[in-house]
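Subject: Structure for you to look over

Hi,

Here is the structure I promised to pass on. Please open it alongside this note. My findings follow below.

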Amino acid sequence: FELETFLPFQLEELLIDFSMAEGKSGPLSDVVAIAVKKEFVARRLSLFPTERIDPNVLDIDSLVLGNALAITNDTEDQIVAVLDLGHKKSGLAIFRNGQPLAMRTFLGGGKAVTDLLRVDLDLTFQQAEQVKHKYSTIRAAADPVKDKQQEKISRCITTALEPMVLEVHRTLHNFETSSQYGKIDRLYICGGTSLIRGIDSY
């Protein structure tokens, strides 16, 4: 298979690995490919010698979450999506029986919320982080908000996360309409940003 047209970097800059979807192979097969910049991996690996750790396996967080889900939950033969809402980036991975079917990484997460709260509420970064952790709630459109400050915080959250959420919806829709697997049975949300109240309905 060829990746050049899908990647914004030169191949010599990258470490690339792949997995056949559900372990299948043949002349026409679904492939999940992973590419990461060599310098990114080198920075991470440089941290281990000082801690006397010699890693045997290098994996990515989305795959680890999928493996853990397959072990700890009854999801056999189900199409399961895992959305990991992080600080600067978020990841979406779709699995069946622990095998990856599709993966995407999106820019955006909790830091975008903090940055917008900092600007709109005229706070320091630390103060904005505290507000996010203590008061972050996404209000439904039909849910009246009497507290104007809470309404402003909710609006900041939805505005900051909207680009990433739209990409997640688009990715899920594309998978369900264009893949052989059809509808996704379950969606799990994890990561620090998932602690924002009401984000599951958003």
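I will start with charge. The protein chain carries 23 positive and 28 negative charges, and their mean positions lie 8 Å apart. Please keep in mind that this is a predicted model.

Next, the surface. The accessible surface of the protein chain is about 13200 Å². Carbon and sulfur atoms hold 53% of that surface. Of the 202 residues in the chain, 31% are buried.

Now the overall layout. The C-alpha atoms fill a box of roughly 60 × 45 × 35 Å along the principal axes. There are 5 helices and 6 strands in the protein chain. Read from the N terminus, the order is β-β-α-α-β-β-β-α-α-α-β. I also looked at contacts with a separation of 6 or more. In the protein chain, 53% of these join residues 24 or more positions apart.

Strand 4 covers residues 89–96, and strand 5 covers residues 99–107. How do these two strands pair, parallel or antiparallel? They are antiparallel, with 8 bridges between them. Within this pairing, S90 sits opposite F106 of strand 5. The turn leaves 2 residues between the strands. N97 has a positive phi there, near 55°.

Best wishes

Notes
Residues are numbered from 1 along each chain as its sequence is written. This is a predicted model: local features need pLDDT of at least 70, side-chain atom pairs count only at pLDDT 80 or more; totals for chains, interfaces and linings use all residues. Side-chain values use heavy atoms; hydrogens and water are left out. Helices (H or I, at least four residues) and strands (E, at least two) are DSSP runs, numbered from the N terminus. Buried means under 20% relative accessible area, exposed over 50%, partly exposed in between (1.4 Å probe, protein chains only). Contact means heavy atoms within 4.5 Å. Accessible areas come from the Shrake-Rupley method with a 1.4 Å probe; for residues, only the protein chains shown count as cover. Lys and Arg count as positive and Asp and Glu as negative; His and the chain ends are not counted. The place of a charge is taken as NZ of Lys, CZ of Arg, CG of Asp or CD of Glu. Two strands pair if DSSP finds at least two bridges between them.
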